[in-house]
Number of protein chains: 2
Amino acid sequence: MPTVPTVPSRTPGYPLEHEVLAVVLRVDDDALHVLLWQHGRGPAAGAWALPGGPLAVGETLGQSVARQLTEKVDVRHLAHLEQLETRSEIGRAPRGRVLATAYLGLVPADETSLLPADTRWHRVDELPPMAFDHASITASGVRRLRAKLSYTNLGFALAPAVFTASELQSVYQAALGHDVSATNLKRILLRRHQIVETGTVSAPGRSGGRPAAEYRFRARQIEVTDQFAVLRPPEAPRTLTG
Amino acid sequence: MPTVPTVPSRTPGYPLEHEVLAVVLRVDDDALHVLLWQHGRGPAAGAWALPGGPLAVGETLGQSVARQLTEKVDVRHLAHLEQLETRSEIGRAPRGRVLATAYLGLVPADETSLLPADTRWHRVDELPPMAFDHASITASGVRRLRAKLSYTNLGFALAPAVFTASELQSVYQAALGHDVSATNLKRILLRRHQIVETGTVSAPGRSGGRPAAEYRFRARQIEVTDQFAVLRPPEAPRTLTG
DNA sequence: GTAGTTATTGACTGGCAGTCCATAACCTGA
DNA sequence: TCAGGTTATGGACTGCCAGTCAATAACTAC
């Protein structure tokens, strides 16, 4: 494995340093959570930070964030990973000039993996004191997720592999931060062909009630619903029911 | 002015170099154009490139792209500028490891400025041979513009200050690359309160025809149409007519 | 069996957007 | 001055989408 040359930061500005950061989100216990680790020492001791670290020689930004996330959460559990934005404010990091490219990662609700001792999931609506600009970057990630839930099939990356309508309702409510109608949600996602029935039904609950039909997402890569291309080409039909 | 330390690139990978690139788009002559300059020498001699250059000490990425665009087109003419994405493929630039953060800039159709001799507007559907990954970055910029035209008021950054319905139709047709109904376009943008009537009418054309009412965009900063938050909070009304 | 709980389905409503057409307002040339 | 051409405008029609609600179905526990 090649050793990474140390990059002296005595000269502020050059040589440039570049780090990657990941906003990894997950729905648990009816709330949206972000993966954070706690600084043990240094200028941000005690503050919580997004996982990430410096870009290494010979790797792309995407490879770097995947590599560095491996230390925190099994990358195979990531159902989606996309680039978010690059931050370049001069004073954003105390150790000199550091650019940061942030990624958005999503983990399905039924995935579990043991976390390192300094790492925990935090509710995004009750964030602890955060290092540097990481709170702002987290907000960007949450905003991106919420926007894309409405015009893509990105729910696949948050939902379990198989789910009932009300389980899916819980996931969407937690992710969006407001109530969602299970009836309407199911009808919309069915019409968009995002979810399909598995034909199975849920095991009867302990408190009674009719067993629920189970569903899964048709695709596990992101697809855009072109429903929302409002000024669409004349020949394109608007209907999604075909 | 501080001198920029030269960054040796003998070691591939470190020290890192970082450049900014701008996809500057404009509607002219019923077609969408991108601002390009022609390499005079070097490995890409003859190829056309996006304007940009290395990030300098002490400036943010946004400041850098604004500074470097000044050499090509008056920045005051830019009605909109937003970060697009950061490219990090290993071999994307021949002179070693160079990250590139791309921006999307938009120039209104009625703005004119003299361009340097090596710089020209090119139709995006007839691009010349392009340097490195600049064709791919241009495609990203065009895709971003087309998406945002349908769910934001971003038309303000392409349209003249005052325009008729059919002039606006021309701008949208050129930007989107397909036919648009003037009737429908006007009704949609009026309902969304993106455009308002000025009360004036266009000067009679030389070939006759009824004078057209004139409009302007209500705001000249980007605003998102929340029409397309399909899974919106229960209390939020759907109507845009209020 | 009855009450309680959860899921499912269908009906109703209002709004949005694509399309078409009749009408309005202007010009030119005879 | 008037007929015909040209461009603009607005109303009407349609299909579809999504939010809401109520009736019904299917199960458990007692």
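Q: In which helix of chain A is A:Leu176 found?
A: This is a predicted model, in which local features need pLDDT of at least 70, side-chain atom pairs count only at pLDDT 80 or more, and totals for chains, interfaces and linings use all residues. Residues are numbered from 1 along each chain as its sequence is written, while chains are lettered from A and ligands numbered from 1 in the order in which they are written. Helices are DSSP runs of H or I with at least four residues, strands are runs of E with at least two, and both are numbered from the N terminus. A:Leu176 belongs to residues 165–176, helix α3.

Q: Is A:Leu176 buried, partly exposed or exposed?
A: A residue is buried if 20 or more other C-beta atoms, placed from the backbone, lie within 10 Å of its own, exposed if 12 or fewer, and partly exposed in between. Because A:Leu176 has 18 other C-beta atoms within 10 Å, the residue is partly exposed.

Q: Which residue of chain B is in contact with A:Leu176?
A: Contact requires C-beta atoms, placed from the backbone, within 7 Å. Leaving aside neighbours within four places in sequence, A:Leu176 is in contact with A:Arg146, A:Leu149 and, from chain B, B:Leu231.

Q: Which element supplies the largest share of the surface near DNA strand C?
A: A residue is near a strand of this kind if its C-beta atom, placed from the backbone, lies within 6 Å of it. α3 of chain A and α4 (182–191) of chain B each supply at least two residues of this surface. The largest share, four residues, comes from α4(B).

Definitions and conventions: Two residues are in contact if their C-beta atoms, placed from the backbone, lie within 7 Å.
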